[in-house]
Amino acid sequence: MIMSVGRYSRQSFLGKEAQSIIEKCTVGVLGLGGGGSHTVQQLSHIGFENYILFDPDIVKHVNLNRLVGATENDAKKRMPKINVARRVILGLEHSAHIESYKAKWQTRSAPLRACDIIFGCVDTFAQRREIEDFARRYLIPYIDIGMDVHESKDRDNCFGMAGQVIVSMPGGPCMRCINFLSEANLAREASNYGAAGGRPQVVWANGVLASTAVGFAIDILTGWTKTSPVIAYMSYRGNDGTIIPHVRLEHLKVRKCTHFPLEQTGDPGYRRL
Ligand SMILES: [Zn+2]
């Protein structure tokens with residue numbers, strides 16, 4: 001429990017109950033690299049006290065260009081990324097309750113059922129599909145962030161930096177509905193698996209995406225903006241520094257998802273055939 005009087009006075013506009021809601025909320029963060037490390041840092045500043053964290057990796061020197069909270073010494077000691085996240089959180093709230101797993105979340109997903117909100121900070125479409133499947137089954141809001149750098153066809157810009165923030169709410173349009181996930185891009189990714197090499201990642205783009213994602217989470221929890229979107233799909237363009245609603249949302253006809261029917265919620269059941 002937070003003891004410092006007035007510590008959160010500058011965010012009291014979020015509502016009378018907001019800080020209590022934030023303190024009681026359990027938040028899951030899957031992936032504690034470039035995007036996840038920003039996310040955890042911000043959540044701990046805001047006052048979240050209950051975390052379930054997953055990342056199987058250790059800190060390497062090549063991560064230091066973007067891994068918030070990591071040090072040269074962490075890379076030397078091959079520190080697990082979950083330990084860096086724990087240090088950041090506990091540095092701000094020593095009594096925070098943290099369940100952290102140096103593992104892929106799919107290997108022991110049960111703790112994640114307790115989450116009130118899940119952040120996915122992962123690299124692939126396949127992982128996003130798995131997280132959304134899980135979140136929908138247990139009716140948990142899922143917020144996805146990701147970025148990529150690609151070679152641009154525009155001669156003036158050799159590279160294009162793009163990213164997204166997606167809020168997938170139970171019952172609302174999903175990542176398939178908005179065509180972010182499709183059989184085509186999942187198949188393309190599977191056929192290229194292992195060929196991509198090191199994915200370009202930079203700290204400032206991850207910061208924009210994580211900040212936007214955290215902002216959506218606070219709105220979902222506190223309702224301070226008095227709007228409750230059933231879907232958010234923000235498109236980030238790093239070359240011109242903009243983040244705006246994706247154009248696909250304008251053409252989105254469905255407001256309810258048909259990919260995750262109600263009978264597929266809760267633990268999977270088995271029928272005798
Ligand atoms: Zn859907």
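At what angle do the axes of helix H2 and helix H4 cross?

## Basis of the description

This is a predicted model, in which local features need pLDDT of at least 70, side-chain atom pairs count only at pLDDT 80 or more, and totals for chains, interfaces and linings use all residues. Residues are numbered from 1 along each chain as its sequence is written.

## Helices H2 and H4

The axes of H2 (residues 34–46) and H4 (residues 81–92) cross at roughly 15° and come within 9 Å, where helices are DSSP runs of H or I with at least four residues, strands are runs of E with at least two, and both are numbered from the N terminus. Axes are lines fitted to C-alpha atoms, for helices over the stretch in contact, with angles from 0 to 180 degrees between N-to-C directions. H2 is therefore roughly parallel to H4 (angles under 35 degrees count as roughly parallel, over 145 as roughly antiparallel, 65 to 115 as roughly perpendicular and the rest as oblique).

On the H2 side, Ser37, Val40, Gln41, Ser44 and His45 meet Val84, Ala85, Val88, Ile89 and Leu92 of H4, contact being counted when C-beta atoms, placed from the backbone, lie within 7 Å.

## The sheet

Eight strands form an open sheet with mixed pairing, in the order S3-S2-S1-S4-S5-S6-S7-S8; two strands pair if DSSP finds at least two bridges between them. Strands S3 (97–101) and S8 (242–245) stand at the edges with a single partner strand each, so one side of each is left without a neighbour in the sheet.

Strand S5 (residues 142–151) pairs with strand S6 (residues 159–168) in the antiparallel sense over 10 bridges, and Glu151 stands opposite Phe159 in S6.

Definitions and conventions:
Two residues are in contact if their C-beta atoms, placed from the backbone, lie within 7 Å.
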